[in-house]
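Me: I have a new model open and want to learn how to read it. Can we take it feature by feature?

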Amino acid sequence: MVTRRAVVTGASTGIGEATVRNLRARGWEVVGVARRAERLQTLVDEVGASAIACDLTDADAVDSLLAELEESGPVHALVQVAGGARGTERVEDASIADWQWMYDVNVLATQRLVAGILPQLRRAAESDGHADAVFVTSTAAQIAYPGGSGYNAAKAAESMLVKVLRQELNGEPIRVVEVAPGMVHTEEFTLNRLGGDSLAAEAVYAGVEEPLNAHDVADVIGYALDAPGHVNLDLITMRPVAQSAQHLLARGPLRVRGGEG
Ligand SMILES: NC(=O)c1ccc[n+]([C@@H]2O[C@H](COP(=O)([O-])OP(=O)(O)OC[C@H]3O[C@@H](n4cnc5c(N)ncnc54)[C@H](OP(=O)(O)O)[C@@H]3O)[C@@H](O)[C@H]2O)c1
């Protein structure tokens, strides 16, 4: 039985960190990638993953990452989680710098990583039956909302990249999986989006009964990777029960209607 090795980006916190933990618990070898080496080291110490610090928007750094991966063993799965949002301004007021950052990290970094790592995925698929590329996009890739503009645009672009990739790899034993979460309460995502304003960030989740958490998403990623090799979960859209649609978020406890006689 081959021990499979996954490269998980965004591993220093949130969904990526939870995915490293989930895959380790499922018996995968895992290489966690993010910029903050000290946070990665904690994960290495706690769950026995390995880690490589890398800024995925830096082409030279990604080349070094790919060389290090190549030397250290096969790559059976890429799990591209790194990404994020900046700003909630209307299109007419948006900051070009924020849009540039979102495009760089969500879209261009994804293309760079895919292009660089595909030869390693192909080798693993050749020797061990199949390989995987999993991408965490967002429901923001599917539905526009006021103030979503730059993030909507970047995540939609990333989602299109994923759909194109799946078709271009048709005929090869490489699965391409897209996980599109709605509201996930992670430590940093909304805080970063709102420029570090912790009160505003908490208000986003106020009263919502059980937003998704990082482990909910990680569990779905782990399930998709451990599914039989011929099963490709193309697109998994997941939301908390309280969020029936992008614009339809229940605040306050969930209650059965008409059940009190
Ligand atoms: N939270 C949500 O509500 C939600 C919903 C739907 C989709 N998503 C998507 O899910 C993914 C993860 O979300 P999250 O909530 O876990 O986000 P998060 O807590 O903000 O974590 C983002 C991760 O990306 C890494 N990262 C950012 N820029 C990077 C760069 N240039 N190079 C390498 N790594 C970089 C960060 O690590 P370093 O800072 O250490 O580099 C961090 O590990 C993102 O793609 C996000 O768009 C989130």
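Me: What share of the 261 residues in the chain is buried?

Reply: Keep in mind that this is a predicted model. Count neighbours: a residue with 20 or more other C-beta atoms within 10 Å of its own is buried. Here, buried residues make up 43% of the chain.

Me: Which residues have the most contacts inside the largest nonpolar core?

Reply: General idea first. In soluble globular proteins, nonpolar side chains tend to be buried together. In this chain, the largest nonpolar core has 68 residues, and V8, V134 and V217 have the most contacts inside it. Helix α4, residues 96–128, gives the largest share of this core, nine residues.

Me: What does V217 touch, leaving out residues up to four places away in sequence?

Reply: V217 touches I15, A18, V136, V179, P181, V184, L212 and M238.

Me: Why does the radius of gyration agree with a compact globule?

Reply: Compare the chain with what its length predicts. A compact globule of 261 residues would have a radius of gyration near 18 Å, and the chain has 18 Å, so the two agree. Now look at the contacts with a separation of 6 or more: 71% of them join residues 24 or more positions apart. The chain has eight helices and nine strands.

Me: Which residues come nearest to the ligand?

Reply: Start with the shell. It has 30 residues, and G10, G14, R35, G83 and F189 come nearest. Two elements give two or more residues to it: α1 (14–25) and α6 (189–193). The largest share, three residues, comes from α1. By class, the shell has 13 nonpolar, 12 polar and five charged residues.

Notes:
Residues are numbered from 1 along each chain as its sequence is written. This is a predicted model: local features need pLDDT of at least 70, side-chain atom pairs count only at pLDDT 80 or more; totals for chains, interfaces and linings use all residues. A residue is near a molecule or strand if its C-beta atom, placed from the backbone, lies within 6 Å of it. Helices (H or I, at least four residues) and strands (E, at least two) are DSSP runs, numbered from the N terminus. Ala, Val, Leu, Ile, Met, Phe, Trp, Tyr, Cys and Pro count as nonpolar, Asp, Glu, Lys and Arg as charged, and the others, Gly among them, as polar. The radius of gyration is taken over C-alpha atoms; the globule rule is 2.2 Å times the number of residues to the power 0.38. A residue is buried if 20 or more other C-beta atoms lie within 10 Å of its own, exposed if 12 or fewer, and partly exposed in between; C-beta atoms are placed from the backbone. Two residues are in contact if their C-beta atoms, placed from the backbone, lie within 7 Å. A nonpolar core is a set of buried Ala, Val, Leu, Ile, Met, Phe, Trp, Tyr and Cys residues joined through C-beta atoms within 7 Å.
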